[in-house]
Amino acid sequence: MTLTAPQIGIDTYQKLANNVLNGQSITREEALLILDAPDEHVPAILAAGFEIRKHHFGRTVQLNFLMSAKSGLCPEDCHYCSQSKVSEAPVPKYNMLKRDDLMKAAEQAAEQGAKTYCLVISARGPNEREMAAVEAIVPEIKEKYGLDICACLGLLNKEQADRLKACGVNRVNHNLNTSETHYAEVCTTHTYADRVQTLKHVRAAGMEMCSGGIIGMDERSEDVVSMAFDLRELGVQSIPLNFLESIDGTPFEGKAALTPNKCLKALAMFRFVAPDRELRISGGREVHLRSLQPLGLYVANSMFIGDYLTTKGQAPDADRQMIEDLGFEVTISTD
Ligand code: SF4
């Protein structure tokens, strides 16, 4: 039975969770009800979402470590991004880091208990030199530190996706960021369809797809729901959810009317829509969830440890303490 707004009581969320646990998908209307629920429903939403999370992931938390292997100098115009050609934000600008720097960061990732090392470059897509550098470093990192590798290199063609698979990349990150309808408000130098095509190349090459979005870019609730359903239908294995940190000097300077409760409802909605996918609380966690950060882990099962690409993260010790205080445990393998 599809639920409508007047039928919503706080027991509704448990009923929806039971449906999900019985293998039924929630509808777009039900996803919207979660996203637009009154704030006083948040405890009930999280309690119901936690049942789904527990069923698929228990109390485990997966940690991911981000490495900005090339920064700034990007020809694209993603309006949220401080590394884009239209951004005036002061960000470090450097070309692909050398082997020793990338290995040092891998050592740090392993020491901090990360399962996945996310190798990120700022680019429309990788050039030949960058592809060759990734192909050289990935086997070395995997052999020495046993980390899974997620590559975030921009748009990929079929040949590039096949080469990444061949060198041992486990997963590729390429976020849809928002809905198809809203996409042109966020970026004009490439399209939503371009991003979907990259994900399809990744899927066809046999790698896992990591793709999520950013909340707080003036999108409607319908856009967030639409993105969640698109990601589920594409079959992405991992969904990073970011909360816009509007950076001075970018076109989205001054944006982002987010509250901690709004972020929690968004995370929960994704858990209901994609119950068995890794759901990662990503950029903006500290700024927008603030003191409610731990509550996010009742529905999400993954987070970044350390800093983000161009913004600071909470200290790793504080993150580990938060996980321990929740009675959760870090997992280094979900396989
Ligand atoms: S393609 Fe990536 S690095 Fe370039 S502007 Fe967009 S988000 Fe930033």
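Keep in mind as you look around that the model is predicted. Arg 290 sits in the loop between helix H10 (285–289) and helix H11 (293–296), and its phi is near 45 degrees, a positive value in a residue that isn't a glycine.

Leu 73 is another non-glycine with a positive phi, here about 60 degrees. You'll find Leu 73 in the loop between strand E1 (60–70) and helix H4 (99–111).

Now for the whole chain. It has 12 helices and 10 strands, and its C-alpha atoms fill a box of roughly 55 × 40 × 35 Å along the principal axes. A compact globule of 335 residues would have a radius of gyration near 20 Å, and the chain's 19 Å agrees with that. Buried residues account for 49% of the 335. Looking at contacts between residues at least 6 apart in sequence, 79% join residues at least 24 apart.

What about the inside? The largest nonpolar core has 97 residues, and Tyr 117 and Leu 267 have the most contacts within it. Helix H9 (residues 260–273) supplies the largest share of this core, with 9 residues. That helix has 14 residues and spans 20 Å from first C-alpha to last, close to the 20 Å expected. H9 is mostly covered, with 12 of its 14 residues buried. Among the buried ones are Leu 264, Leu 267, Phe 270 and Val 273, but also the charged-type names Lys 262, Lys 265 and Arg 271.

Back to Leu 267 for a moment. Setting aside neighbours within four places in sequence, Leu 267 touches Leu 241, Leu 279, Ile 281, Gly 296, Val 299 and Ala 300.

Finally, which residues are around the ligand? They are Cys 74, Glu 76, Cys 78, Cys 81, Gln 83, Ser 84, Ser 122, Arg 124 and Gly 154. By type, this shell splits into 3 nonpolar, 4 polar and 2 charged residues.

Key: Residues are numbered from 1 along each chain as its sequence is written. This is a predicted model: local features need pLDDT of at least 70, side-chain atom pairs count only at pLDDT 80 or more; totals for chains, interfaces and linings use all residues. A nonpolar core is a set of buried Ala, Val, Leu, Ile, Met, Phe, Trp, Tyr and Cys residues joined through C-beta atoms within 7 Å. A residue is buried if 20 or more other C-beta atoms lie within 10 Å of its own, exposed if 12 or fewer, and partly exposed in between; C-beta atoms are placed from the backbone. Helices (H or I, at least four residues) and strands (E, at least two) are DSSP runs, numbered from the N terminus. Two residues are in contact if their C-beta atoms, placed from the backbone, lie within 7 Å. A residue is near a molecule or strand if its C-beta atom, placed from the backbone, lies within 6 Å of it. The expected span of a helix is 1.5 Å times one less than its number of residues. The radius of gyration is taken over C-alpha atoms; the globule rule is 2.2 Å times the number of residues to the power 0.38.
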